[in-house]
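Please look over the sequence and the model shown here before reading on.

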Amino acid sequence: MSLKVQEKVHCFDALFYIPESCMHRGYRLIQLRNGLIVLLVSDPLQDVSACSLTVATGAHDDPCDLPGLAHLCEHMLLLGTKKYPQPDHFYKLISRLGGTQNATTTGETTSFYFETPSGVTNDGSPIIDDVLDVFSQFFKEPLFNRSNSSREILAVNNEHINNKTINQRLMYHGLRLLSSRSHPFHRFATGNTSTLLNTPKARNINVRERLLKFHAKNYKAVNMSLVLKGPQSLNAMQKLVMTHFIDGIPGQGFPNGLSLTNLHINQRKWNYKHPAFGSTSHCDVTFINRSIDKPWCRLHFPVGDDHLLSIFWVHIYGDESPNSICDMLKQEKLITSLTAYPLTVSAGEVLLTLEMKITTNGAKRISQILSILFSFTEELIKKDLKDYLRSIISLELFNYLNSEEQGSSMDEVHSLSLGLLNNFANIGPNWIIRQQSGWNSLYERHKSGTIDDSFHKLLRKVRFNNCKLIFIGKKIYLKHFKLLNIKFDQPQTDPYFDFEYCLGSSSTSPDMYIPPTISFPIVNTFLPAEFHDPINVLKLIRHVSLIAYKSPLSFFTKAEGFENPIPTQVENNAFHQLWFRKTNNEKNGIVSLDMAQNKIPCSSSATIFIDIICELLAGLLKKRLYEAELLGVIWTIYPSVKGDCSIGLTVSGFTETLDEVFKAIINQLLGLLTNLSTFKDEYIDARVAVRTRYEGLKDQNSITLATAGLIHVIEENTWTIEERLEKLEEITKEELKNFFGTFFGSPCSVSMLYEGMTDFSMNYSQLLNTLTKHRDYSGDHNAGFKCLRRSYLLNTGNYAYYKTSNDATSAISYFVQTGLRSDVYNRTLTKVVSFLLSLYLEPKLRTEEQLGYIVMGSIKLFRATTGICISVMSSEFEVEYLHFRIKCFLEHLYDMINRMTKDEFKAQILNPMLTKIQNDTSSSKLDSSSTIMKMNIQGISGVNEPNRLALISHKSCWEQISSGTYNFCNYSFDDFIDTYQLEILDKCGFVAWFKSKFLDNEQQLSIMIKSEFNKGQLKMEMLTLRLSAFLNAAGLRITDEDLEHILKKSNAEFGALIKLLVKHFKSRSLKLTGFVVHEMMKTVTYSLNKNGKYQRMLAKRIENIGDFHSSLHCIDYD
């Protein structure tokens, strides 16, 4: 390993171990003169550029008297710089380019990352150069304008309110309660109005001054890592980084020396005096009282920094194969799922974590769950695991060697920038891209034969007296913890998350009990024999990496990497259509199919029958195919989401393994078909799984429920969750058997797409034919292949469908139907509106008006119609007010466009949109606005589907085939947009179309999800915050004390408040003050007067969906 030193940069000449899929890439690790660590990734096959900058600072740096300051700093940092003072400049730049951006804050890190097309601007300069110029200023001269602080505190507060509805967030906070009070992990981290506004004001704390000090202290180059990825050469990217990230960012000048092993930002920055979880001789418990149907439990085992072997622990305890620990607990009806993973709570401090979703029976028998788990551990310690552990090393390396490119470049660079903060000596410099800590040490232990002893030492920490147990569920379950001799303190209420909880502890371990049929881990039978020795796999990785390292990047071109995205039709007749899509991947294949039975009429009963069949099949396959999943095989079974009687399937993986898995699935279906009555327990489990899935959907957040409600009203043959649950209780096993026989009793209509280097579509079609008989049909060929694509066409007017939820937030999905999906001209103009929303919606409704934590809007595609959907989720405002503000926004959008000249319309709207479309041709599609609306009923999978680029592209192509739209005009398989119509689009014509569709003759439907917890009026402190933010932004300065006095004197009455505010600002222009105040009041009218203007704009309420559908015309895509 050598080092090339330049005046402004150190270049580390290192061989990085990479997977085969990245052989065309170039990597370069450098350190800038100011100390900034930078990883450059040149990928000539990419059409996007992505960048992530991570700072080793977060909530653990918060001052004790200002919890949430790091999070607020993340929000404020992006709102203007000395060079680009407009607070929305960066957001609008990214949106206009069709890119995306995000920022996150954790305990020890804060990351800022984005992704844009990699083309050029209208003046010919590289897009990424312009974006980096804006982005880099955030770390040089951010403004932290006082006028933005109140608004962003409110945004942070909205984020926290949303977190309070998520069980995982509550459990994580429950873990904080058990940590050492002297450790920063113990503190509340997100921030809210109390910690960032009210308390500082009471204590005379200047929050802006604290922000400036926080930024100056922590946002230094030596605490930062940067990753830049794009199609540019490494030299070109290095020049970009040197141009934008050296001058202006405080640094110390090559502070880490000249060796990669000296790079350890996190270890240097975070030097805690005490661990968050010290040594104990008892189990600590947080019991969170929350009224949820299915309780959750987490077991955490602190292992300090001895986490190098955690990957083995994850494999063993997360095993779902037959008679594994997970399978045993499921067989005992104690849990429905178990997940194992390592959780890092601070630098060098890892907790091995088991997360379980528990049945009602399991909550009553919590002591038995722990008995089985800890008995399993004790038995495991006695086992010789050398061969198994060696196979896991081989498996991990094999999967890394064959891993595919991820779908999101932005997420990839974010992950890499986090990894660059780690200790390179522990990771091993060659493994920086892999980011798995300790591989070098792992190999040494393996070679020396000590790996088994090391893992046994780790297992000895997985015991009851080293456990932190977090339980969330109904209070009635608290009594069942008595069997564990846990002594609980008196109930308390958490001041930040508002839940009731009890803390307890016990030093008495549960009795040992282990089911006699439980099995212990064995070597994966799907792993090829030649890869059982990890040294062999390591040699392959080194070989691949060395070839890439020595190959000039110019050897790879876009043309060579480009894969023809257009599928070809192999066969088409009355009962099946067969497609093949050729790729350059000779190892992997993907097959997707739909099996539809057109002889069965659509009904809620048929939908439930198919749901049970899918769950029954998945339950039998999960254990059988678990080992194949560990080698990257992905399979998903889909109940119908198209309003027909169909079952969908997608399988991907290595070509040889794919064939085995596909046969296993077909054979299992054939087995069910002939012997359904013998699967008694499995049938019961499948019914429970369906019920659990639907009850889980009912408990989704309000914005998800609004989306589901919109689909139910617009699409034909969809059913509400309540209707499905009701039908589930009515059907019998005999009825299911008859339905199953009818479904496969006559030929099914089959659609299939196979993707790979060689066309195996005919092979899979013939395998499937043993079940579906789609190739054997010789009857009436006029029957034809039928694809249901029917949607309801709304009548002119405004309609509203109301539902309630247990969520703490309310939500609205405001949909305007603009026309038929098959109408290219209408779809093109609708896409223009979607582009306008990407520029102006979030800055207006989320940032300026602070309507809610989530504000989004885009074009939506239904089966046969299309339109614009704007969704808002709010913890403060009633849905009627959200409806009113969305209508006002559309009026504002119309006025803004109408005031533009023709040249301005072309320059500000059409040209940027055309540039975005031209740049948006890659397989990494940035614009996801053309979402095809489906019920939120996910496929049933063995594992969570990874964000793989090939799988994403395949699914987009498959969507066009399965829906019968066949739009193969571009790489993203989006519905066709007529760019010629955009080029000649007249501003007056568009304005007239917009006015007709959105203001005068709109076909508008709103799904209103009202929270049962929602309050009709804002608290006085929230109202004060909103008014203060608006007035300060408008240049009308007022102290919080004066504003509170005015609000109190006006009794929050609209007219009186107006007069008092105008009187207060009497020194300013009366006309200006009056205008600003009236504009301001539009955002708070509802809070002041329930009889405000918005009530006159309410839509007609839909009382009965059936009657409403009867009044509509249902149309087909064609």
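## Report on the predicted model

At 1% relative accessibility, W431 counts as buried, where buried means under 20% relative accessible area, exposed means over 50% and partly exposed lies in between, computed with a 1.4 Å probe on protein chains only. The model is predicted, and local features need pLDDT of at least 70, side-chain atom pairs count only at pLDDT 80 or more, and totals for chains, interfaces and linings use all residues. Residues are numbered from 1 along each chain as its sequence is written, and side-chain values use heavy atoms, with hydrogens and water left out.

The protein chain holds 40 helices and 32 strands; these are DSSP runs numbered from the N terminus, with helices being H or I of at least four residues and strands being E of at least two. Of the 1118 residues in the protein chain, 59% are buried. Where contact means heavy atoms within 4.5 Å, 81% of the contacts in the protein chain between residues at least 6 apart in sequence join residues at least 24 apart.

**Aromatic rings**

Rings of Phe, Tyr and Trp (for Trp, the six-membered ring) are paired if their centres lie within 6.5 Å, and the pair is called stacked with planes under 30 degrees apart, edge-to-face over 60 and tilted for the rest. The count by this rule is 51 aromatic pairs. One of them joins Y400 and W431, which is tilted because the planes stand at 50°, with the ring centres 6.2 Å apart. This pair links distant parts of the chain, since Y400 belongs to helix 14 (residues 386-401) and W431 to the loop between helix 16 and helix 17 (439-448), 31 residues apart. Y400 is also buried, at 9% relative accessibility. Elsewhere, ring pairs link F90, F112, F114, F135, F138, F139, Y219 and F245 into a cluster.

Two charged side chains are also placed over rings, by the rule that NZ of Lys or CZ of Arg is within 6 Å of the ring centre and within 35 degrees of the ring normal.

| Charged residue | Ring | Distance to ring centre |
|---|---|---|
| R176 | F185 | 4.8 Å |
| K269 | W270 | 4.3 Å |

**Helices and their packing**

Helix 15 (residues 409-419) is largely enclosed by the rest of the structure, because eight of its 11 residues are buried. These buried residues are S409, M410, E412, V413, H414, L416, S417 and G419. Their packing partners are strand 4 (37-42), strand 5 (48-55), strand 6 (100-105), strand 7 (110-117), strand 8 (224-230) and helix 16 (424-427).

Helix 23 (residues 655-675) has 21 residues and reaches 30 Å from its first C-alpha to its last, close to the 30 Å expected at 1.5 Å a residue, the expected span being 1.5 Å times one less than the number of residues. Its buried residues include T655, L658, F662, I665 and L669.

**Individual buried sites**

S813 is placed in strand 25 (residues 810-820) and is buried, with a relative accessible area of 0%. Its side chain makes a polar contact with the side chain of S871 at 3.0 Å; a polar contact is a pair of N or O atoms within 3.5 Å, in which, within protein, one must be able to donate a hydrogen and the other to accept it, and residues adjacent in sequence count only if both atoms are side-chain atoms. Leaving out residues up to four places away in sequence, S813 touches A706, T707, L710, C869, I870, S871, L1005, S1006 and I1007.

H183 lies in the loop between helix 5 (167-176) and helix 6 (193-202), and this histidine is buried at 2% relative accessibility. With residues up to four places away in sequence not counted, H183 touches H60, Y272, H274, P275, A276, S346 and E349.

R827, in helix 29 (residues 824-848), is buried with a relative accessible area of 3%. R827 and D978 are 151 residues apart in sequence and 8.7 Å apart in space, C-alpha to C-alpha.

**Cysteines and backbone angles**

With a disulfide defined as a pair of cysteine sulfur atoms within 2.5 Å, the count is zero disulfides. The sulfur of C297 is too far for a bond, because the closest cysteine sulfur, in C467, is 7.6 Å away.

Most residues other than glycine have a negative phi. D498, in the loop between strand 15 (492-493) and strand 16 (500-506), has a positive phi of about 60° although it is not a glycine. N717, in the loop between helix 25 (702-714) and helix 26 (721-730), has a positive phi near 60° and is partly exposed at 24% relative accessibility.
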